[in-house]
Amino acid sequence: MSNRYSAFSLARHALQPDLPWPRAWHSPDPKPSYDVVIVGGGGHGLATAYYLAKNHGIRNVAVIEKGYIGSGNVGRNTTLIRSNYVIDGNTQFFEHSLKLWEGLSHDLNFNCMVSQRGQIVLAVNPGQLDVFARRGNIMRLNGIDAELLDRGEVMKLLPYLDYSSEARWPVYGGILQKRAGTVRHDAVAWGYARAADQHGVHIIENCEVTGFVMEEGRVTGVETTRGRINAGKVGIAVAGHTSHVAKLAGLRLPVESHILQAFVTEPIKPMVHHVVSWGAELFYLSQSDKGGLVFGGHIDGFNTYTQRGQFPKIREVAEAAVSLMPFISRLRLLRHWGGIMDMTPDGSPFICRTEVRNLYLNGGWCYQGFKATPASGWTFAHTIAHDAEHELNRCYSLDRFEKGGELDDYGIGNWTYKQ
């Protein structure tokens with residue numbers, strides 16, 4: 001461990017609480033050129049830079065972020081991790097991500113607060129339970145843990161749900177993935193940033209990309225608010241801003257940007273010991289370490305780049321929460337926030353090369369961005385380093401709609417459409 005984070009440093013700050021803590025990563029001025037520039041300092045961009053250095057020995061890397069580390073979607077989500085996917089390609093990718101989550105704190109030497117508390121997706125009719133059985137079989141055939149639960153088993157694990165005859169949506173059972181859970185989102189950003197910095201990566205904050213430098217059909221750098229930065233290769237990983245940043249390089253993407261709201265209540269005593277998702281509507285809930293109930297639902301149904309949601313979606317999510325867990329109606333909503341989601345036609349992402357040589361794309365994450373962070377960085381780093389997709393992201397190409405290779409797993413890990 002670095003001397004900046006030694007036991008002596010911890011003791012010194014305990015005895016002198018007013019002593020300022022050292023920075024977890026440096027704040028350099030940009031160099032004139034780098035081997036690789038990653039546009040976007042969120043979880044995916046930082047993870048990519050870290051794995052470029054760690055896995056491929058490419059350390060002359062800059063991550064440029066228009067705001068500050070943690071100001072984007074990596075700090076605006078509901079912290080869920082899981083690999084309960086159905087479609088071939090998504091299944092293997094998200095299982096690899098979950099395996100990386102399981103060892104991430106040790107790998108980064110930073111406590112990311114990984115909590116594998118398990119996720120239960122509830123079925124509200126017999127048809128959904130049949131669909132969950134199919135999903136569980138697919139998961140187990142791919143070496144992923146899954147258990148089908150009947151109503152009685154759900155009642156033992158989640159006694160606080162509404163099982164009465166007056167329940168708006170009866171609970172018929174559910175599917176459990178015990179290895180799913182939550183991770184502290186800001187710790188993920190800080191852990192990857194510190195680890196990348198220790199490998200020599202430059203993390204440059206308050207530096208917005210305003211254009212791309214092109215020569216003979218290939219990218220050779222980026223124009224920024226802090227001047228031109230030349231680069232051998234450039235990767236884009238900017239979450240909900242993917243379409244308009246890619247447009248600066250002449251790319252037109254099948255991506256729309258929407259706001260996704262999330263909510264947290266006042267703290268209560270520990271009672272929700274799993275992540276709970278619902279089959280009647282897209283709704284998911286967990287309890288934070290501070291005691292607040294963290295939950296969310298669908299995107300707002302219009303295109304926007306704002307981080308301010310609308311009241312109709314607040315009402316819809318609150319109705320779902322109270323229908324499932326009536327006691328929530330007695331709690332006060334502490335706060336809510338929004339992240340900008342880049343939505344693709346099939347709900348699956350892009351991690352690939354582009355038609356512009358030396359320009360690489362990581363985006364289109366829809367509801368799935370946070371849980372994919374480690375595998376996204378892992379495979380994007382491989383794609384950049386070798387100018388070829390990794391076997392785990394080979395299906396996430398830009399031309400899959402043209403070739404009929406859609407991955408229509410649209411939110412299927414959280415819920416199933418009403419039958």
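Guide: A salt bridge is here a side-chain nitrogen of Lys or Arg within 4 Å of a carboxyl oxygen of Asp or Glu. The model is a predicted one, in which local features need pLDDT of at least 70 and side-chain atom pairs count only at pLDDT 80 or more, while totals for chains, interfaces and linings use all residues. Residues are numbered from 1 along each chain as its sequence is written, and side-chain values use heavy atoms, with hydrogens and water left out.

Glu-95 forms a salt bridge with Arg-179, and the closest N and O atoms lie 3.1 Å apart. This pair links distant parts of the chain, 84 residues apart: Glu-95 belongs to helix H3 (residues 90-102), and Arg-179 to the loop between strand S6 (173-177) and strand S7 (181-182). Helices (H or I, at least four residues) and strands (E, at least two) are DSSP runs, numbered from the N terminus. For accessibility, buried means under 20% relative accessible area, exposed over 50%, and partly exposed in between (1.4 Å probe, protein chains only). Glu-95 is buried, because its relative accessible area is 6%. Arg-179 also counts as buried, at 18% relative accessibility.

The side chains of Glu-316 and Lys-313 meet in a salt bridge, at 3.1 Å from N to O. Because these residues stand three residues apart in helix H9 (residues 311-324), about one helical turn separates Glu-316 and Lys-313. Glu-316 is partly exposed, with a relative accessible area of 28%, whereas Lys-313 counts as buried at 11% relative accessibility. Elsewhere, salt bridges with shared partners join Glu-95, Glu-102, Asp-145 and Arg-179 into one network.

Arg-226 forms a salt bridge with Asp-29, with 3.0 Å between the closest N and O atoms. The two residues are 197 residues apart and link distant parts of the chain: Arg-226 lies in the loop between strand S10 (218-224) and strand S11 (227-236), and Asp-29 in the loop between helix H1 (7-15) and strand S1 (33-39). Arg-226 counts as partly exposed, at 34% relative accessibility, and Asp-29 counts as exposed, at 59%. The pairs described here are among the 14 salt bridges found by a search of the whole structure.
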